[in-house]
Amino acid sequence: MATRSFLFGNPPFRFLAGHLAQDADFLNDARHILDIDQDAYLRLSTQLAKSDAFLSRSDLVSIVGEALGASEDSKRIASIIYRFGSILHDADMDATEAMDELGRAIEEKAESLDPQERRTLTDRLRKLAAEPIGIAKQYKARQLVDAIGAELDDFRIICDIRPIFDKQRERIEGAIPLTVLRLEYSKPDGESAVVEVRVTEKQIARFGEKMADAGLKLRMIKDLLVHHELPIPKTKSTNAEDES
């Protein structure tokens with residue numbers, strides 16, 4: 001299901017629901033949800049209802065794989081549920097109300113589905129994406145991460161040599177080694193930006209020390225949370241590997 005940006009920010013969910021119900025990608029994803037065997041769907045919805053842990057994408061893949069069998073198709077279904085959950089919890093209303101709006105839009109505008117399929121899809125999306133506590137908790141964790149400042153997308157440390165020419169620019173009299181730190185980041189509004197700064201050898205050494213200190217502090221904080229049995233959601237800010 002494609003993600004679309006709008007010129008003037010996020011539209012009201014009522015508008016988005018009506019658009020989604022007619023969107024080809026949405027309907028294609030919906031077909032995967034409808035094609036789940038009824039017994040497998042009941043197993044999956046029951047497992048999601050029982051879980052009150054933070055459900056990251058990888059956690060959803062595990063739960064869906066257990067209920068439907070590990071396969072590429074189950075991974076896709078997990079991804080679809082995760083996206084639907086994000087859409088519903090990102091609405092300008094409670095997720096339950098958002099699901100009601102989406103259900104009405106599906107009933108009125110999803111013309112490629114027959115009436116029974118529309119009702120089944122609404123019921124399944126409600127149980128799989130809107131109601132599970134673990135999906136709501138994970139969205140809250142992601143929302144907290146995204147709300148705090150700009151996000152670093154990538155960085156590079158570029159080492160360069162700048163030659164020093166004579167006045168006639170005919171002969172190289174020397175050279176200066178330079179190091180540039182390039183930071184690529186996303187602003188809170190989603191806009192991408194880049195900043196490049198020159199760093200000294202002394203700053204490079206200090207940078208390495210501070211990064212090592214930060215890694216040690218993070219491990220100590222995580223150990224403390226584990227000791228007090230406080231769960232740590234898997235997000236891009238709390239995992240050594242990419243997660244959302």
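Mentor: Let us begin with a term: contact means heavy atoms within 4.5 Å. This is a predicted model, in which local features need pLDDT of at least 70 and side-chain atom pairs count only at pLDDT 80 or more, while totals for chains, interfaces and linings use all residues. Residues are numbered from 1 along each chain as its sequence is written, and side-chain values use heavy atoms, with hydrogens and water left out.

Trainee: Which residues is H89 in contact with, leaving aside its neighbours within four places in sequence?

Mentor: With those neighbours left out, H89 is in contact with A95, A129, A130, I135, A136 and Y139. H89 itself lies in helix α5; helices are DSSP runs of H or I with at least four residues, numbered from the N terminus, and strands are runs of E with at least two.

Trainee: Is H89 buried or exposed?

Mentor: H89 counts as buried because its relative accessibility is 16%. Buried means under 20% relative accessible area, exposed over 50%, and partly exposed in between, with a 1.4 Å probe and protein chains only.

Trainee: And what about D123?

Mentor: D123, in helix α7, has 47% relative accessibility and therefore counts as partly exposed.

Trainee: Turning to the core, which members touch the most others?

Mentor: In the largest nonpolar core, which has 41 residues, they are I81 and L102. Such a core is a set of buried Ala, Val, Leu, Ile, Met, Phe, Trp, Tyr and Cys residues joined through side-chain atoms within 4.5 Å.

Trainee: Which element gives the largest share of this core?

Mentor: Helix α5 does, with seven residues.

Trainee: What does I81 contact beyond four places in sequence?

Mentor: The contacts of I81 there are I33, L44, L60, V64, L128, A129 and I135.

Trainee: How large is the largest cavity?

Mentor: Its volume is about 60 Å³. On a 1 Å grid over the protein atoms alone, a cavity is a set of points where a 1.4 Å probe fits but cannot get out, and lining residues have an atom within 4 Å of a point. Grid points are joined across faces, edges and corners, and a volume is the space filled by probe spheres set on the points.

Trainee: Which residues line the largest cavity?

Mentor: The lining consists of L55, L60, Y82, G85, S86, I135, Q138, Y139 and R142. Helix α8 (133-147) supplies the largest share of that lining, four residues.

Methods
On a 1 Å grid over the protein atoms alone, a cavity is a set of points where a 1.4 Å probe fits but cannot get out, and a pocket is an open set with protein on both sides within 12 Å along at least five of seven lines; lining residues have an atom within 4 Å of a point.
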